[in-house]
Amino acid sequence: MLYRLSHTTSYKYENGVTFCHNIATLKPKDMLGQKVVNYALEIHPKPTDFSEKTDFFGNTITRFSIQDYHKTLKVIAVSTIEKDHTLMPDIHQSVSGKSITLSEGLQHLKHQDPGLWDVKQFILESVLIANISPEIRAYAEVSFQPNRSIFEAAYELMQRIYTEFEFNPNVTNVATPIHDVILQKKGVCQDFAQIAIACVRSVGLPARYVSGYIETLPPPGKEKLVGADASHAWFSVYIPTFGWVDFDPTNNQIPQNQHIITAYGRDYYDVPPLKGVIYSSGDNKMKVAVDIRPAV
Amino acid sequence: MSIDSNTLFQNYFSDFRNYDEVLKSDMSINPNWERLLTNLSQVGPNNLNAKQDEVNWLMEENGVTYNVYNDPNGMHRSWGLNIVPFLIHQTEWENTIERGLQQRAELLNLILKDIYGERALIKHGIIPQEVIFAHRGFLRQCDQIQYPASKNLLIYSADLARGPDGRMWVVSDRTQAPSGMGYALENRYALNRVMPNIFQNIHLKQPSQFFHEFNQMLIDAAPQNKSNPNIVILTPGPHNETYFEHAYLASFLGYPLVMGNDLIVRNGKLWMKTLKQLKQVDVVLRRVDDVFMDPLELREDSYLGVAGLMEVVREQQVSIVNPIGSGIIENSGLIPFMNAICKYFFNEDLILPQIASWWCGQQKERDYVLNHLKDLVVKRIDRSNRENIFFCEFLDETALNKLRQEIEQTPYQFVAQEKISFSTAPNFTNGILEPRKVMCRTFAIAKQGGYSIMPGGLVRVASERENLFVSNQRGGISKDFWVVSDSPQNYIQNYSWDNASNQTISDINDLPSHTAENLYWSGRYLGRALVTARYLRMVLNRMTQEQYNNRKSESESLELLYKSITHITSTFPGFVGKGSEKRLNNPLEEIVSLMLDEKRYGSFAQTLSSFNNSYYSLRSLWSKDMWRVFDGINKQWRKFKDAENYSVIELSKVLDRIITRLIAFMGLIEESILVNQGLLLYFIGLQTEQAMMNVAKCRSLLVSNYNEQLQYEILESLLTSHESLNIYRYSYRSYLSLENVIKLILLDKDYAKSLTYQINRIKKDIDRLPYSEGSNQVSICQQKIDEAHRKMQSLNIENLLLLSSDGSIRPNLDDLLAELSDLLHNTSMAISDTYFNHSYQQTQLANQNFPIT
């Protein structure tokens, strides 16, 4: 499957900005099952400094600064992505992966196998997922039981979040703590992903945050609107003896070809699409438009 | 020496419960201390008391302070130095401590490199991954950064204490921005000055060479091997607990002291904002903690660092000392693994012992800890301050259970340590020596091929006799730390290195804009304080006089003066607006409020406190004499504030005293700071404020037309408040006339207190300010002050004196003064806009407000 993806972020500054430093995590990952055919990042006004580096988690980070006075900032990431999920290991084909139970999995992780160090860091607390509350723990334990398969439990967790949480873009923001989300059971993809990660970690398993996009299909008979898509997020669980398996609790599915991966992190804090420090005294307005469509 | 005969040691025995530095277990004296004790005995207990007082006095006089957070009396608390030093013999120092610190510094350096590089220690299972990845000090943003310097860890500090086995143990490691070196140096100077006798026949190792190497390390740290790098010292600001030391090191080493907003990242480099332009910075000696260094990549809410700094570091365009991220090795989770790490890197054991520690991330260790909790001291691996240490023997059952739960929930975050009783050393308290726990902070500096160790360091003493813990956070006592040798040593030098290679002779162009701003405002506040004080004093004196002669015009003029106070200080409604009648009936209350109410904008107290703030920020420029007078003003003021009832006479007396000190202080500023160091900005601020106040006074007193008697009283008051009555009499030898007063106060070209003179002076000084090259045009501040200057040149006295048609006011004078007031105000605004960089107001692109702890 070949996609053409564009992600545009625009800022309008009330009083203008004398200069700014920014960090963007927008470049899709080049990995097994997902090939970046081409990629370009356009920035207006033209930045003075620009660099592209790989971060601790292996994501591509772009840093840029603009030193001229400006009233608007526009960052457009455009790429062509080839997806073929059949190239990736399939959990359904792995008997041991599908059947390993929580207690077996924990035992497996307990071995001081230094090779697992980069996996095991995802069991630990992170900036936005810390001091996991008893409510979250209890929510996790409904699905995760010692003698149940991890895969089954994680799948059920995804389903429960999908059915029990209301998708509502007006109740949370990037700073809403997970402990509030679990109580009000409302939020967006990023909240759902982080709740799931907190649940998985609370039982002692590694879980990571996946930032990316999902292609949405228009209602039957309707033309797809340009920019109707949004950036997306889901979670990934490490299943001992198998490896990482992604789950999308917002759409109740295991990501296949419709999901495009940009970055992995411990939570949103590690991989915000665009952040920055500006030198300005006024308010600003932000607009985001994402468009994914099959490239022919 | 016989102990019994030594009165200093009275009752020392009764306290002898554990290992003491001086008394051995067989009650004999440690021979290393004998000479010192002999010297102390010769001084005698009574003289020792006097000497201790003298040291306390000296510390206060020199402004050696330590700020204590969250304590209303904690700001600028005087640093405590006990007159009895702590000492260690050279043999022990060189054979174990120095070698041990060098080994540990090398080891921590390798750990730091490995953690942010290859991570072989984790991959090979030498340290568990949680010890690093669960530590808040592990900054993933610093991963794989390469540094130009040969070592990553450039400054290292360790707290040592003597354990029950008689060896010095490592208690904790400090690697981000260790404090204490400056205090240690000042301790040595102070003791040298107050008690030269106690050094008699004792050969001391001096830190001169160490500070030379410290300076060399900073120079060598510069990227691209610059021979003449630009080095700055970054402080969180005057409220930081060790701000004294930041300023002290800045003036000792001769580098500018800057705050985060003095620096900026542009074109991939770090720059210091100076008056003239941006100046590239090569090395930052920082006293700001890791996570506050870059609001772009680290803590978003930090205003102490510089946005974009991390990337400049990655590109090796600047060196930060110590590198950002080095806080990861302030990590008690590493302690249980240190010996294995030492074996791994060096194939040898640690030289300096550590406290037995159990990391709870391992099952066996966790079980041990939970079973013996009551006998242990528990810490989080990434929190080493006293507030976060659990001394379990003192915890009740509830607290213990809570701790148990926390350990079980995230065991990898906890380390438990054996409780150790460290040695005591004699402390001079209330005329006798008593044993107190001591902790020795030592310092290491990277140099070619190794680490150089400061001989001695900073010794801190438990604040009470029974106290087990030693901490400065609560404002403790310190000791000079002697390493004594059997052979003669060099004397301590004041400034020890050759500065020839180091271009520290700066000119006004290089003045950090934030320093410039503080100097400017110091001038303005000082000017305001002086004029306000003199004016209030004049009014108070008039009030006293009125009690004796009860003339009608007198009280009429007094009312006018009360009203003028409100105008001049802009403290409306005061004596003119709403409620003024009530205040005019009881004027003293309003005047007391104008003097004392710090929250009231325009009050004398508020001016003085604003002046204090700008002035503390300039600490690295102070001379000791300046501090002394400054401290005198504050003491006088505090004493006055604490009084309960104020009479007119008392108020005027206190103003007398403060005015004298303010003037002494102004004299000292002028002789202590060079024009190019920034005195120019101070002058501009001072003259601008005085000119503005001068205009305000004339406007409220000279514009209205009064009858002859009233006019006389008003003119006399004006001249008195201006301290110009004698000069008037000398110059005019006549009855007071409005014409002559205006000639003297506004028009005289040579009289330093006349407005014409002041404006000429401001103009001259503004012309000396740097302005951007290439722009031939005149700056806005120049335009404004030129206009004021031209106005003053073209004045005509007859014209100014013309009365309005109803004869009530002098409209031309009023217009002129109004225009001048605006022009001076606009000049000040233009200076601020041009030179103080307010356009850089840092905010986050998206307001994220993450809950970071």
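**Domains, contacts, strands and helices**

Modeller: Chain B is divided into domain 1 (56-355 + 420-484) and domain 2 (511-835), with bounds that come from an automatic or database domain assignment. This is a predicted model, in which local features need pLDDT of at least 70 and side-chain atom pairs count only at pLDDT 80 or more, while totals for chains, interfaces and linings use all residues. Residues are numbered from 1 along each chain as its sequence is written, and chains are lettered from A and ligands numbered from 1 in the order in which they are written.

Colleague: What separates the centres of domain 1 of chain B and domain 2 of chain B, and how many residues does the contact take from each?

Modeller: Taken over C-alpha atoms, the centres of the two domains of chain B are 46 Å apart. Their contact takes 19 residues from domain 1 of chain B and 16 residues from domain 2 of chain B; two residues are in contact if their C-beta atoms, placed from the backbone, lie within 7 Å. On the domain 1 side, helix 8 (243-253), strand 8 (257-258) and strand 10 (269-273) of chain B each supply at least two residues. Here helices (H or I, at least four residues) and strands (E, at least two) are DSSP runs, numbered from the N terminus. Helix 8 of chain B gives the most to that side, with four residues.

Colleague: At what angle do helix 13 and helix 19 of chain B pack?

Modeller: Axes are lines fitted to C-alpha atoms, for helices over the stretch in contact, and angles run from 0 to 180 degrees between N-to-C directions. Helix 13 (residues 513-546) and helix 19 (residues 648-672) of chain B pack at about 150°, with their axes 9 Å apart. Helix 13 of chain B and helix 19 of chain B are therefore roughly antiparallel to each other; angles under 35 degrees count as roughly parallel, over 145 as roughly antiparallel, 65 to 115 as roughly perpendicular and the rest as oblique. The crossing of helix 13 of chain B with helix 19 of chain B is left-handed, a term used if the near helix is turned anticlockwise from the far one by less than a right angle, with right-handed used if clockwise. Among the residues that make the contact are Leu526(B) and Leu530(B) of helix 13 and Leu655(B) and Ile659(B) of helix 19. By class, this contact of helix 13 with helix 19 of chain B has 15 nonpolar, three polar and three charged residues.

Colleague: How do helix 25 and helix 27 of chain B cross?

Modeller: The axes of helix 25 (residues 780-793) and helix 27 (residues 811-835) of chain B come within 8 Å and cross at roughly 160°. These two helices of chain B are therefore roughly antiparallel to each other, and their crossing is left-handed. The residues in contact include Ile785(B) and Ala788(B) of helix 25 and Leu820(B) and Leu824(B) of helix 27.

Colleague: In what order do the four strands of the open sheet in chain A stand?

Modeller: Strands of a sheet pair through backbone hydrogen bonds, either parallel or antiparallel. Two strands pair if DSSP finds at least two bridges between them. In chain A, four strands form an open sheet in the order 3-6-1-14, with antiparallel pairing. Strand 3 (34-44) and strand 14 (284-294) of chain A stand at the edges, each with a single partner strand, so one side of each is left without a neighbour in the sheet. Strand 1 (residues 2-17) and strand 14 of chain A are joined by 11 bridges in the antiparallel sense, and Leu5(A) has Ile292(A) as its bridge partner in strand 14.

Colleague: Which strands pair between chain A and chain B?

Modeller: Strand 13 (residues 274-279) of chain A pairs with strand 23 of chain B in the antiparallel sense, over three bridges. Val277(A) stands opposite Gln844(B) of strand 23. The contact between the chains takes 34 residues from chain B and 33 residues from chain A.

Note on methods
Nonpolar A, V, L, I, M, F, W, Y, C, P; charged D, E, K, R; others polar.
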